[in-house]
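Thanks for coming. I will take a few minutes to walk through one model, and I will start with a question about it.

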Amino acid sequence: MRAKGLLTLALGSFILPYSFFGQSQTPFTDQINRVRPSVAQIVLIIPDAQNWKSPRMPAELQQAFKDGSFIVGTGLLINDTSDILTAAHVAYAIQDVSKKLADSNIPVNLGVSFVVSNINSPIVIRSGTLSVGAQIIGIDPEYDIAVLQTAISPEGIGSRVGGTNNTVAPKPLKFSVLNPRDGQEVFVCGFPVGSRDLVTTSGTIASAEAFEPLLTANAHGFPSPKDVYKVDLRISPGNSGGPLFRESDGAVIGIIVEVVNNGGYAVAVPAKEVTESLTKHGVKWESAVELTKLPPPPKGKKLIPKR
């Protein structure tokens with residue numbers, strides 16, 4: 001069991017909540033607008049319309065690719081070399097669908113898209129959407145996470161976004177490894193299954209100390225229970241791989257990996273486990289400014305072995 005994350009400091013007759021030590025109280029809507037440009041849509045694209053309308057198209061994929069693209073899940077920008085974090089089961093779905101299309105001699109491209117207002121960029125696939133190519137560089141099924149490397153590197157995605165002064169460019173999101181409390185307010189941004197719209201829903205931590213096996217981990221030889229968060233909010237399978245944000249400051253406290261009871265609540269892998277895996281495999285990440293001193297993220301980058 002984890003220790004409770006609430007920290008207070010007694011100063012005479014005063015008790016200061018943990019938020020006093022650096023969790024800013026920016027209005028909730030401002031937090032959403034600040035982080036949402038860095039939430040990515042993971043998408044498979046068949047570049048030639050003749051192919052996705054072809055009789056060669058596998059029957060089970062025809063509906064998914066009804067307009068030539070298939071939104072597989074959600075991800076987030078995690079460092080200045082434009083790596084994208086998502087769920088391992090999203091990466092496995094990419095591999096499985098890509099293989100079926102290759103077996104049918106249908107080319108397909110993997111990309112990530114960002115919804116950016118006032119965009120003025122040469123790589124726009126629709127109004128307000130920045131899209132770049134990507135490839136899977138590694139998968140960690142034990143914690144149901146994977147990393148994609150985008151085609152924009154090392155200058156970063158943010159430097160490719162132009163537009164007006166109101167443009168908010170995608171920036172790496174920051175992780176907090178501090179444990180939340182039951183009832184703490186949180187929100188998620190993601191792409192509900194079948195939708196191209198970035199949707200935000202809010203709720204609370206239902207259980208900050210849950211301990212159970214992960215479905216993807218169990219299916220790939222890691223049956224042991226894991227520390228997870230259970231989150232009370234409305235959510236869709238399309239949110240898989242997306243960030244769970246702390247409402248008070250917009251820090252990422254977990255990654256959504258499972259949707260339960262038809263979207264009644266979600267299961268998230270805590271940021272502590274996510275960042276430990278990233279550090280272990282040499283993938284850079286950024287930390288939120290907090291009271292707790294964290295080890296510095298690695299300077300280099302190695303590849304997590306693929307399946």
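Which residue forms a salt bridge with Asp80? Lys284 does, and the closest N and O atoms are 2.8 Å apart. By salt bridge I mean a side-chain nitrogen of Lys or Arg within 4 Å of a carboxyl oxygen of Asp or Glu.

First, the ground rules. This is a predicted model, in which local features need pLDDT of at least 70 and side-chain atom pairs count only at pLDDT 80 or more, while totals for chains, interfaces and linings use all residues. Residues are numbered from 1 along each chain as its sequence is written, and side-chain values use heavy atoms, with hydrogens and water left out.

On confidence: pLDDT is the predictor's confidence in each residue, from 0 to 100. The protein has a mean of 81, with 76% of its residues at 70 or more. Residues 1-25 have pLDDT below 50, and that stretch has 40 contacts in the model beyond near neighbours in sequence; contact means heavy atoms within 4.5 Å. Residues 119-127 are also below 50, with 21 such contacts. Where pLDDT is low, the predicted coordinates should not be read in detail.

Back to the salt bridges. The count comes to nine. Lys284 sits in the loop between α5 and β17, and Asp80 in the loop between β4 and β5, 204 residues apart. Helices (H or I, at least four residues) and strands (E, at least two) are DSSP runs, numbered from the N terminus. Lys284 is partly exposed at 23% relative accessible area, and Asp80 is partly exposed at 41%. The cut-offs are under 20% for buried, over 50% for exposed, and partly exposed in between, with a 1.4 Å probe and protein chains only.

A second pair is Glu142 with Lys226, at 4.0 Å from N to O. Glu142 lies in the loop between β8 and β9, Lys226 in strand β13, and the two are 84 residues apart. Glu142 is partly exposed at 24%, whereas Lys226 is buried at 6%.

Now the interior. A nonpolar core here is a set of buried Ala, Val, Leu, Ile, Met, Phe, Trp, Tyr and Cys residues joined through side-chain atoms within 4.5 Å. The largest has 34 residues, and Leu76, Leu85, Phe175, Phe245, Val274 and Leu278 have the most contacts inside it. Strand β15 gives the largest share, four residues. Apart from this core lies another, of 32 residues, including Ile84 and Val132.

Leu85 touches, beyond four places in sequence, residues including Leu76, Phe175, Val274 and Leu278. Val274 and Leu278 belong to helix α5, residues 271-280, and are among its buried residues. Residues three or four places apart in an α-helix point the same way, because there are 3.6 residues a turn. Just after α5, Gly282 takes a positive phi of about 75°.

Last, strand β16. Why call it largely enclosed by the rest of the structure? Because five of its six residues are buried. Strands count as paired if DSSP finds at least two bridges between them. Strand β16 runs antiparallel to β15, with six bridges, and antiparallel to β13, with three. Ala268 in β16 stands opposite Ile256 and also opposite Tyr229. The hairpin of β15 and β16 has four residues between the strands, and Asn261 there takes a positive phi near 55°.
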